[in-house]
Amino acid sequence: MIVRALGLAACAALLLLPLAGLPYTTTLLLPAFGYAIALLGLNLLFGTTGLLSFGHALFVALGGYTAAVLTSRLGVRSLEIVLLAAAATAVVVAGPVGLVCVRYVKIYFGMLTLAFGMLFYSFLYKFYALTGGDEGMRVLRPVLLGRPLEHLDTVAFLTGPFYYYALAVLTLAALVMRRLVASPLGLSLRSIRENAAKAESLGVSVRRYRLAAFVVAAVFGAVGGALLVVPTGLADPLLAYWTHSGNLVFMLLLGGFDHFFGPVLGAVVFILLQDQVMSLTSYWRFLFGAILAVVVIFFPRGLMGLLDPRRAPAP
Amino acid sequence: MTLLEAADVRKFYGDTCALDGVSLRVDAGEFVSIIGPNGAGKTTLVNVLTGLAPPSSGRVSFKGVDVVGATPVRLARLGMARSFQLVTIFPGLSVADTLAVAALSRLGRSARPFTALARDAEVRAAVEEVAVLFGLADKLGRLARTLPQGDKKLLDVASAFALHPDVILMDEPTSGVSTADKTAVMETLVQAARRMGIRAIVQVEHDMDIVFGYSDRIVALHQGRVLADATPDAIRADADVVATVVGRPR
């Protein structure tokens, strides 16, 4: 009940924020929306299927670079097309990558995903002619629902139409993911997380379903990544760097991976916390490390575990 | 009608021969027990029959189909189910969800990504049917890990039954169950099998009262070979087999 009330209050706050005349805070939340979508996917892989990826940033970067290539090289400015293209690219890349990765579990799966992430980082960094190398690629302002909105300055665009657009995409992504985890496929994935051998003996195609989760997670990562690069107007190789994947895992643990809305909360709190801590000290990474340690040791179910303690703790 | 047949099956782990030319046939309507001392190859045989371990050589067929190399998933779809020696459950899933995993698999709906599981009346009915048969109907909402040990064992077996298989292979279905409860558990299993139309049961079991009380046929293994394959009465009458496998005259 309390969680539902808090959730409704949070939704209302998110809807009204741009009207409150707080452009800095409003802009600050934009990356949180992109991250939240990516984390919904990552949590399908980890919280639901039991596979922890240390290379999810690969797909976030893939989405970001898809947006960059389409808007700045191919002249495609429609954000709907950009998002669809990011999703399609993710499927094309995640298919073969996933085929290799889901043959393994636990640390071997994590290390393989990390390796693929770093391969992609190296590609982005070294293939200057294609990717712009360390300078990255520009992401031009997209057209939303066929409306160029060129009369708006950047802040007005980001805190108005784009804010609501990103929020709508996040809402849609959450609805789709909610439906998926409550579906037969969602139950099959949870059974794999709990006991893969048992699931297989009951006719669940473990490897095929793990691959499906991997591809869906990649699609969410890429869509989140495509939204993430719009406010900065830049896609750079650091999007694929392993520390970025680490941040995604951090956000997931912070919000709580055994609750559906944990990833969303984790993304929002991480971004706000990062902003506050960075303004206080240059040793913000040190402080973040300490926070992560405290969360893992004392609050293994993350912030959602504090808000919704009635659910049984994860084993 | 022969449902399951193994012919001249050998299984090596490195240089160790776990199964040495084992042949076995299970016909419709039979309750077959596999017995033998520790290390005889009982669990290895079940693993080979259920696709968990491929044989090094030999042939295994199920309902006339060669199933050597078949995955447990394919065997489940063909109509073969198994339960494990150690309790094997989904600790973090409820009893209802555990049974639903098997029911969805049987109905071919496991991969549906957007249908609402909670609204699937056919799956719910299948779950309730099995839960009632196994006395788990009042525990459907409980997480599997919170069940008493005996109920965990029942849930493990019940989930295999929920596949509505033609043949079920049970590796020590009463292990971990108190001596006083063993007969009750077996009665539950046999009644459930009868009501669900399961055509044959194969079990590995150490408790000779259970073995001789329920089996139509007993296959005795010793050092990876079939020592005897006969009715309970014939096995009981064979002093050598009893001495080797049971260790004491009955």
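User: Before we start, what makes a residue count as buried?

Analyst: A residue is buried if 20 or more other C-beta atoms lie within 10 Å of its own. In this predicted model, 51% of the 315 residues of chain A count as buried.

User: Which helices and strands does chain A have, and how many?

Analyst: Chain A has 14 helices and two strands. Its radius of gyration is 19 Å, close to the 20 Å that the globule rule gives for 315 residues, so chain A is as compact as a globular protein of that length. Along the principal axes, its C-alpha atoms fill a box of roughly 60 × 45 × 40 Å.

User: How do I read the packing of two helices?

Analyst: Two packed helices are described by the angle between their axes and the distance between the axes. Here, take α11 (residues 242-255) and α12 (residues 262-280) of chain A: they pack at an angle of about 115°, with axes 7 Å apart. That angle makes α11(A) roughly perpendicular to α12(A). The crossing of α11(A) past α12(A) is right-handed.

User: Which residues make that contact?

Analyst: Among them are Phe250(A) and Leu254(A) of α11(A), and Val264(A) and Phe270(A) of α12(A). By class, this contact has 10 nonpolar, three polar and no charged residues.

User: And how many residues does each chain bring to the contact between chains A and B?

Analyst: Chain B brings 31 residues and chain A brings 23 residues. On the chain B side, α2 (72-78) and α3 (95-107) each supply at least two residues, and α3(B) gives the most, with six. By class, that side has 19 nonpolar, six polar and six charged residues.

Terms used: Residues numbered from 1 in each chain as written. Chains lettered and ligands numbered in written order. Predicted model: local features only at pLDDT ≥ 70, side-chain atom pairs only at ≥ 80, totals over all residues. Contact = placed C-beta atoms within 7 Å. Helix = DSSP H or I, 4+ residues; strand = E, 2+ residues; numbered from the N terminus. Nonpolar A, V, L, I, M, F, W, Y, C, P; charged D, E, K, R; others polar. Axes fitted to C-alpha atoms, helices over the stretch in contact; angles between N-to-C directions. Parallel < 35°, antiparallel > 145°, perpendicular 65-115°, else oblique. Left-handed = near helix turned anticlockwise from the far one by under 90°. Rg over C-alpha atoms; globule rule 2.2 N^0.38 Å. Buried ≥ 20, exposed ≤ 12 C-beta atoms within 10 Å, placed from the backbone.
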